[in-house]
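Here are a few notes to read alongside the model.

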Amino acid sequence: MKTMLKPSKAAKAEAELAEAIRPGQSIELLKELHILTREGRLNQDSRRKLKQVYHLSQFIEKLLREMPGEGAHATLADHGAGKSYLGFIVYDLFFKALGGGHVYGIETRPELVARSAALAARLGFERMGFLNLTVAESATSPELPAQIDMVTALHACDTATDDAIAFGLAKEAKFMVLVPCCQAEVAACLRETKALALARTPLAELWRHPLHTREIGSQLTNVLRCLLLEAHGYQVTVTELVGWEHSMKNELIIARRTGQRNGGAARRLCELLAQFGLDALLETRFRLPA
Ligand SMILES: C[S@@+](CC[C@H](N)C(=O)[O-])C[C@H]1O[C@@H](n2cnc3c(N)ncnc32)[C@H](O)[C@@H]1O
């Protein structure tokens, strides 16, 4: 009878490493991002992040390749970039070999911006730029071009995702790839207004407990974001980024510009806001096309 041999620890580590490193990828980058240790081994603490970023970068690359020249001249703005894992990985795996295109990282923490800029310079990633701006400021910054092809925001805090959407609309982005973080604004409004029209219906049970208020606020926010994008002429797909065991903030919203504004979505957005007593957000967060 045959016995199955368990792979040794070393063989397992080798296999994981081989899976983590893509052809042509900069080993120095992976070490600088602490995905690999100085000795070139896979950093177990970074595995989850790496999985998310690789997965997202695959979606992004696929969309970029739909563009003229297979995306060789595309511009990408990554909002709430943090350490710019996503921007660096997309540049290294996609833009580097193409010899064109530009990646902008937008981040409010100056030390992260300086660090990313220094790393890009060291690696010779010339077509990467890092701007110490809020997402909202970046929409009118002269440091960015008038049009941006792809907008990304991976776990950009709170309303930074909404600002990223506003940025994408202003820049007529062809694609937006968003993985929202928790958003507190809608939940706060729900708490304040108690969702007026629905307060006396059984639906009010959905946000009676504070934890549920937060969760439904988050869910409602993403629904409103999708309707807003559709109202502005985007086709929207909602899916999960990776298995839930890897991240709780796992909703991936992919928007593709068609230019066909969806009046039904605009109406639904207004109705939802009215039902939940959130009309005020129509003037600020969820502005419809004129
Ligand atoms: C949770 S981290 C995610 C970082 C990165 N996208 C990632 O997934 O590794 C969120 C980042 O967004 C930045 N941030 C928060 N609000 C912002 C805003 N309004 N404009 C620009 N950056 C913002 C924070 O400083 C932080 O670095």
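**Notes on salt bridges, a helix and the ligand site**

1. Let's start with a charged pair: Lys174 and Asp149 form a salt bridge, with their closest N and O atoms 2.8 Å apart. The two residues come from distant parts of the chain, 25 residues apart: Lys174 sits in the loop between α7 and β5, Asp149 in the loop between α6 and β4. Lys174 is partly exposed at 32% relative accessibility, whereas Asp149 is buried at 10%. Please keep in mind that this is a predicted model.

2. There are 13 salt bridges in the structure. Another of them joins the side chains of Asp163 and Arg285, at 3.2 Å from N to O. This pair also links distant parts of the chain, with Asp163 in helix α7 and Arg285 in the segment after α11, 122 residues apart. Asp163 is partly exposed, with a relative accessible area of 22%, and Arg285 is partly exposed at 21%.

3. Arg268 is exposed, at 54%, and Glu271 is partly exposed, at 39%. Elsewhere, Glu32, Arg38 and Arg122 are linked in a network of salt bridges.

4. Which residues of helix α7 are buried? In this helix, residues 160-170, they are Ala160, Thr161, Asp162, Ala164, Ile165, Phe167 and Gly168. The buried residues of α7 pack against several elements, including β1, β4, β5 and α9. After the helix comes Glu172, with a positive phi near 50 degrees.

5. Leaving aside residues up to four places away in sequence, Gly87 touches Asp78, Val103 and Met128.

6. Now to the ligand, which has 16 residues around it; Lys49, Gly80, Glu107, Val135 and Leu154 come nearest. The shell divides into 8 nonpolar, 5 polar and 3 charged residues. A ligand nitrogen lies 2.8 Å from a backbone N or O atom of Gly80. A ligand oxygen is 2.6 Å from a side-chain N or O atom of Glu107, and a ligand oxygen is 3.5 Å from a side-chain N or O atom of Thr108. Taken alone, the ligand exposes 600 Å², and the protein buries 78% of that.

Key:
Residues are numbered from 1 along each chain as its sequence is written. This is a predicted model: local features need pLDDT of at least 70, side-chain atom pairs count only at pLDDT 80 or more; totals for chains, interfaces and linings use all residues. Side-chain values use heavy atoms; hydrogens and water are left out. A residue is near a molecule or strand if one of its heavy atoms lies within 4 Å of it. A polar contact is a pair of N or O atoms within 3.5 Å; within protein, one must be able to donate a hydrogen and the other to accept it, and residues adjacent in sequence count only if both atoms are side-chain atoms. Accessible areas come from the Shrake-Rupley method with a 1.4 Å probe; for residues, only the protein chains shown count as cover. Ala, Val, Leu, Ile, Met, Phe, Trp, Tyr, Cys and Pro count as nonpolar, Asp, Glu, Lys and Arg as charged, and the others, Gly among them, as polar. Buried means under 20% relative accessible area, exposed over 50%, partly exposed in between (1.4 Å probe, protein chains only). Helices (H or I, at least four residues) and strands (E, at least two) are DSSP runs, numbered from the N terminus. Contact means heavy atoms within 4.5 Å. A salt bridge is a side-chain nitrogen of Lys or Arg within 4 Å of a carboxyl oxygen of Asp or Glu.
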